[in-house]
Amino acid sequence: MAFDVEALAQAHKRAVAGGAEKYHAANAAKGKLFARERIALLVDDGSFVEDGLYANSLADGLPADGVITGTARIDGRGVCVMANDSTVKAGSWGARTVEKIIRIIERAYATGVPMVYLVDSAGARITDQVDLFPGPRGAGKIFHTQVRASGSIPQVCALFGPSAAGGAYIPAFCDVVAMVEGNASMYLGSDRMVEMVTGERTTLEAMGGARVHCAESGVGHFLCKTEQDALDVVRSYLSYLPSNYTQEPPVAEPVESAAVDLGALVPVSERQAFDMRRYIKGIVDQGSFFEIHALWARELAVGFARLDGQVVGVLGNNSMFKGGVLFVDSADKASRFVQLCDAFNVPLIFLSDVPGFMVGSAVEKQGIIRHGAKMITAISEATVAKICVVVRKAYGAGLYAMAGPGFDPEATIALPTAKIAVMGAEAAVNAVYANKIAALPEGEREGFIAERRAEYERDIDVMRLASELVIDTVIEPGDLRGELIRRFAAARGKDRSFSRRRHGVTPV
């Protein structure tokens, strides 16, 4: 029998067209692009090579089985891509859908290139659950494969619509997630299911919308206004990372930092806040700071940047929010970012202005101790070059959490405004002399407290700490950028072994 060329052409036309026109129109009304348009906007022109186009082609109304997978290039570098087609049964998963997703992640891992997920899916097709859910190549294998690839290759997700039920774990296992406000959502159970199981009446937006996850839960990292914005996040994110863990991050042309007077930016009074993000921008190459989790746990700013063209990861306590105190969420934020940088050979700068970890019954019940231990574990295990800069203060375990002297940084650098102590002078005097102060006549208390504070300040003087080699140098703010550039250059090629073991037991 002769091969039917016309039949093949028609099958191809049906496969690339996606679902019925009414579903395309409904998506367009919501400002949503067709999955193939998203891919075209993301990758280099003409670079996409599709895999599994004819999956489930013998079935009616399931073009490509609702998911588009293949290889491409972004800014000239190889990537693998998966994109749910929400015009086909709302982007839900069938058995072939699952197999295609598993295959493309396996290919990304095997070839050592980043994996990009363009997610817009209602989850599993319940009617097909026996075929797609329980088996060794069922939906669970997607997550197993993602975890295996984690830290080996970058994994980034742009979320354009729902990511429902078990499918919500695809974004959760990615390094970062960009969510389009108004359309993107993540949830384990729909609003109807929640009401049925718990009696709570809610909506998908209130329970699992983009702003909820980017500002409250921390599952989302970037809140985007448009789909193009989300695709731009994917491109920008990948531009800071190597293709896999064996490579170094890409180098760019050096650019001078923004014109920021770092000395004037930091108030002398610890009670006066300043924006650490402005401080970061005054150190790194102009326009290079790429903040991650900008809306969540804002007391700690984290993100990628370039320093003399070299990629670095930056963590800085931001006293504009909650005084820069470390809470449960900020500890988790730091842990995740440090692990990300360490996995992909990105050196770390810690800019410390931290009063310590939060205290009180509320945070103790939330597990502040174990979350703090997780942060300290991540920093201890990070073998990339680390530099701790004490900008204003590093009190208590905050010093440890910001990669202080005991955590093998390449250097601990102090600015003239720096203070390192178990606690601030006011708290220390109260802790030691509370009974004595209470016993003094009213008129003598203020003078006594001032004398004790002065003694305490002399005890923790930054030059004394330098003389005892607690810190490595004290420099003026204007010299900080050059000092960091030179010290990171000296640290290249360092031994990155850490411990004789399979892996640690992380405090979670």
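For a chain of 508 residues, a compact globule would have a radius of gyration near 23 Å, and the protein chain agrees with that at 26 Å. The model is predicted. Its C-alpha trace spans about 105 × 55 × 45 Å along the principal axes. The secondary structure comprises 21 helices and 16 strands.

**Annotated domain**

- The UniProt record, an unreviewed entry, lists residues 250-490 as "domain: CoA carboxyltransferase C-terminal".
- That span is 42% helix and 19% strand.

**How helix pairs are described**

- Two packed helices are described by the angle between their axes and by the distance between those axes.

**Helix 4 with helix 6**

- Helix 4 covers residues 95-111 and helix 6 covers residues 139-149.
- Their axes come within 9 Å and cross at roughly 15 degrees.
- Helix 4 is therefore roughly parallel to helix 6, because angles under 35 degrees count as such.
- The crossing of helix 4 past helix 6 is left-handed.
- Helix 4 makes the contact through Val98, Ile101, Ile102, Ile105, Glu106 and Tyr109.
- Helix 6 contributes Ala139, Lys141, Ile142, Thr145, Gln146, Arg148 and Ala149.
- By class, the residues of this contact are 8 nonpolar, 2 polar and 3 charged.

**Helix 18 with helix 19**

- Helix 18 runs over residues 425-439, and helix 19 over residues 442-459.
- The two pack at an angle of about 140 degrees, and their axes are 10 Å apart.
- On helix 18, the contact residues are Ala425, Glu426, Ala428, Val429, Tyr433, Lys436, Ile437 and Ala438.
- On helix 19, they are Arg445, Phe448, Ile449, Arg452, Arg453, Glu455, Tyr456 and Glu457.
- The contact of helix 18 with helix 19 holds 9 nonpolar and 7 charged residues, with no polar ones.

**Helix 3 with helix 11**

- Helix 3 is residues 35-42, and helix 11 is residues 227-239.
- Their axes come within 10 Å and cross at roughly 45 degrees.
- Helix 3 and helix 11 are therefore oblique to each other.
- The crossing of helix 3 and helix 11 is right-handed.
- Arg38, Leu41 and Leu42 of helix 3 meet residues of helix 11, namely Glu227, Gln228, Leu231, Val234 and Arg235.
- The contact of helix 3 with helix 11 divides into 4 nonpolar, 1 polar and 3 charged residues.

Conventions:
Residues numbered from 1 in each chain as written. Predicted model: local features only at pLDDT ≥ 70, side-chain atom pairs only at ≥ 80, totals over all residues. Heavy atoms only, no water. UniProt positions renumbered as here; feature names shortened; annotations may be inferred. Helix = DSSP H or I, 4+ residues; strand = E, 2+ residues; numbered from the N terminus. Axes fitted to C-alpha atoms, helices over the stretch in contact; angles between N-to-C directions. Parallel < 35°, antiparallel > 145°, perpendicular 65-115°, else oblique. Left-handed = near helix turned anticlockwise from the far one by under 90°. Contact = heavy atoms within 4.5 Å. Nonpolar A, V, L, I, M, F, W, Y, C, P; charged D, E, K, R; others polar. Rg over C-alpha atoms; globule rule 2.2 N^0.38 Å.
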